Amino acid sequence: MPTYRAPRGTRDLLPDDRAVFDRLMRLGADLTRRYGYRPIETPLFEQTAVFERGIGEVTDVVEKELFRLAPRTDESEAWALRPEPTAGIVRAYVQHGMQTWPQPVKLTTTGPMFRYDRPQAGRYRQFWQFDVEAIGDPGPAIDAEIVELGHRFYTEAGVQGVEVLVNSIGDPACRPAYIATLTDYYRGHLAKLPPTERDRLERNVLRLLDSKDPDMAGLNAAAPRITDHLCEACSAHFESVKAHLAALGVPFRVEPGLVRGLDYYTRTAFEFYVAGREGQQQALGGGGRYDGLVALLGGRPTPGIGFGLGLDRVALVLAEQGGADGAAAGAEGPLAVVVSADPDDTVSRLRIATELRAAGLRVRADLARRKLGRQLESAGKDGAHFAVIVGEELVDGQVQVRDLQAGTQRTVAPGDLARELARAEATHHHG
RNA sequence: GUGGCCUUAGCUCAAUUGGCAGAGCAUCGGAUUGUGGCUCCGAAGGUCGCGGGUUCGAGCCCCGCAGGCCACCCCA
């Protein structure tokens, strides 16, 4: 009922929400630093062609979910908000000649992505992704390393029950023949295909494989598997990826129906799922190898692999699984609140708080003109450890320091305040 | 883009067959004038999502729209 509200499919991350995101972003930053990735920022929007050519014109993401920006001039430029980070990062790789850097170039970014589709819980028009890309290494060892990194993110974030699904979707040498085989197969059973599936047959056969239509289950189970139709190189690559994953102890499952929605993927494709939760937003992240993308965007043929993890969904699942965890992260109160016996004396409160802040302490000054009792009550609700009480003793150069948890109180000279509070925090509360 | 369900205070929810919009929590204030957490008292807070229609009268019935949710589509 407010006159203005956040646009459809977007939401405000209130401090408690933001605290969870902060934690996840710090984890991502720490993990990628350990693995040797460097942070990069690319624009939130690109020329539409970057996405159309990179992701593929006939993908859902480009066809119906691209968040296009209306041009303001006749510059003949068409822009769109990024629906995923990889295309922009690869564009930057080409633009800045990163092929002259030591390969592979290992990059990471975290930020909002935009897709114009119909919102649902865990599905937004603006959502956040933690993204990792390694460009310039043909694998297969790095494929396993990157899957392990993604898996570790969930583990260290505390998400329970994450499943790693992997598959190989071949490359230009073997995929076309497989697609032809698969198309023939479904054409042979055309009568059994639901209308919507029939429509997709000519446009993107691979999508039929992961259809959730119950009528498709039997048909799909018997469908030719791409892993049986890989060329020798792709097959060897896939076997090696699996061997590396096993060696690293990453639990994974080969999922023959796993095909990713973006055209640029080759060979290794993987997704992270969380099982056993309500709703359909079970995909927490995914990625794959994109050996053709750099060339597609104008660079020299260069292999690459990466993944994106949906932070909104991780936070959602974390809240479902853990509960109080998120709230606790956001509830850091000040070390002390400066209150005054004289409701009108905001000067003393502010001056003392300023001195303590200059000394590096977290201090709130209660600037409301209300009686002392209310100020102390407010300090308690804030979760403050101490209240610094300014009263008539100030003329004798003294203030009261009250330990709000213990209920004890003693007299301190303002000059000693910062040292006393810092020491008390260190001893009482480990910091 | 398709279909279904839902929308009352900041939050969680009440409101009889259509008959004067309420509670709890949260917020703010008070309980003889310098000491919080408990308790008591009080205040503020609502175009009942928005717009039409039916009716003497609509939070309640009908239509449209918006938003949320669910299932598709698809993904994060």
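This is a predicted model: local features need pLDDT of at least 70, side-chain atom pairs count only at pLDDT 80 or more; totals for chains, interfaces and linings use all residues.
In chain A, the mean positions of the 52 positive and 59 negative charges lie 2 Å apart. Side-chain values use heavy atoms, without hydrogens and water, and residues are numbered from 1 along each chain as its sequence is written.

On to the overall fold. Chain A has 15 helices and 16 strands, taken as DSSP runs (helices H or I, at least four residues; strands E, at least two) numbered from the N terminus. Its radius of gyration is 28 Å, well over the 22 Å that the globule rule gives for 431 residues, so chain A is more spread out than a compact globule. That radius is taken over C-alpha atoms, and the rule is 2.2 Å times the number of residues to the power 0.38. Along the principal axes, the C-alpha atoms fill a box of roughly 95 × 50 × 45 Å.

Now for strand β7 (residues 162-168): 6 of its 7 residues are buried, so the strand is largely enclosed by the rest of the structure. Buried means under 20% relative accessible area (1.4 Å probe, protein chains only). Strand β7 runs antiparallel to β9 (residues 266-274), joined by 7 bridges, and N167 has A269 as its bridge partner in β9. With β8 (residues 253-254), β7 runs parallel through 2 bridges; there, L165 is partnered with R253. Two strands pair if DSSP finds at least two bridges between them.

Conventions
Chains are lettered from A and ligands numbered from 1 in the order in which they are written. Buried means under 20% relative accessible area, exposed over 50%, partly exposed in between (1.4 Å probe, protein chains only). Lys and Arg count as positive and Asp and Glu as negative; His and the chain ends are not counted. The place of a charge is taken as NZ of Lys, CZ of Arg, CG of Asp or CD of Glu.
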